[in-house]
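Please open the model in your viewer and keep the selection tool at hand. The tour begins with a cavity and then moves to paired side chains.

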Amino acid sequence: MDFNRYREVLAERVGSLTRPFDDAEYDRRRRTVTQRMAAAGLDGLLVTDAADIGYLTGYNTFEVSVHTALLLTTGGNPPGQAVLQVPSIETGPAVTTARVDAVFGYRWEDANGAAEQMAGIIADLGLSGPIGTDNWGPALRTGFRDGLADALPDRPLIDASGLVDAVKIVKSDAEIALLRESARITEAGIAAAEQLIAPGVTDQQLAAAGSAAMINAGSEFMSLQPIVTAGWRSSVIHCNHQRHTVADGDPVFIEFGSAYQRYTAPMMRTRVAGSVTDDMRRVADGIRDIHTTLIEHMRPGVSMDNAAAAAEAALAPLADRAFFSGVFGYTVGLQFPPSWVEGSGFIARGVEREFQTNMVFHLPLMLRIPGQWGIGMSNTVRVTEAGGEPLTHNDLRLTGTDHV
């Protein structure tokens, strides 16, 4: 049977699988987004980021490297439609996981046909006004957007970047519950890995132990692979395990993030295979000071710039020696590979947006002394009226195996 028939048979025999949230939650999200669309004068919105599509519909798949688009409408006849366009190989996940009004498949091996098909869908729905696209998102293909513009020369395509982000940056109580579960699983992985830290163990063994523990504890396929580095390699940003042996005195940096219903609460921890030096301890103390400062500022009405400025002041004694990324926190929530970074908000200088209750940030506090080592400790933190509430439970202490 072809993919269209496959979709029909699955819909008949399997139907919709259980989604992470009830219909009311998806209705609220979709309604809020369409209200923002209407305020922006959009007849339709093309959502192309898999995480945004999953957030709005429940769509779930491990294949997110192919073009997929959700069309939401405020105009046309009838208005308020949600139409999901997927490649032929994704009609199964689409029909069983997504809460939409219609699913259209295009030939996977002929991606050029996707723009023509979407142009036909837009015309059939009677959309005559502007269509929004996420020009700064990770998944809008230039070929698709250009092809659509050529096929619909009388319908302007307008950059609507950030429209969905503005909704999903504040988590519902149901989302917070999933992030707490992810935090529990993440901690199980870190605990399993750190138990093995000792001179002579390999970074592969640590990553394998942590990964197995998270999967056994309930993690799905993760949005970012487990990260383990030791010694001087921990001073190189975005370095990972690669068959290296931990030496005596090496700091071992671990950063894991399990996926539970696609929600990720990451955590960093560093332990030393041997004795902690005074220099390492000074860096760890500085990280705790930064963390405490951020927690105090993560409350409604405080700007992210103000929080970052206070964190910069806490970082100042180490700023000349250690490399820091410049971002004290980034939002997390529902994500797909290749990253657990949601990207809807950043605690950094120049970001004037104010915190709101139930925003959730990972605080990636990693300081690297180039060519020597790096120390990283973090929590995933929820914004509350009283300040930041860690969802992960990191002790933020640097200890060595000589004290275990």
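**Cavity and salt bridges**

Select P20, Y26, G54, G58, Y59, N60, Q261, R262 and L334, which line the second largest cavity. A cavity here is a set of points on a 1 Å grid over the protein atoms alone where a 1.4 Å probe fits but cannot get out, and lining residues have an atom within 4 Å of a point. The second largest cavity has a volume of about 60 Å³, the space filled by probe spheres set on the points, which are joined across faces, edges and corners.

This is a predicted model: local features need pLDDT of at least 70, side-chain atom pairs count only at pLDDT 80 or more, and totals for chains, interfaces and linings use all residues. Residues are numbered from 1 along each chain as its sequence is written, and side-chain values use heavy atoms, with hydrogens and water left out.

Next, select D203 and R233, which form a salt bridge (a side-chain nitrogen of Lys or Arg within 4 Å of a carboxyl oxygen of Asp or Glu); their closest N and O atoms are 3.8 Å apart. Is D203 buried or exposed? D203 counts as buried because its relative accessibility is 2%, where buried means under 20% relative accessible area, exposed over 50% and partly exposed in between (1.4 Å probe, protein chains only). R233 is also buried, at 6%.

Move on to R349 and D305, whose side chains meet in a salt bridge at 2.9 Å, N to O. D305 is buried at 10% relative accessibility, whereas R349 is partly exposed at 44%.

Finally, select E25, R28, R29 and E175, which a network of salt bridges links.

Key: 1 Å grid on protein atoms, 1.4 Å probe; cavity = no way out; pocket = protein on both sides within 12 Å on 5 of 7 lines; lining within 4 Å.
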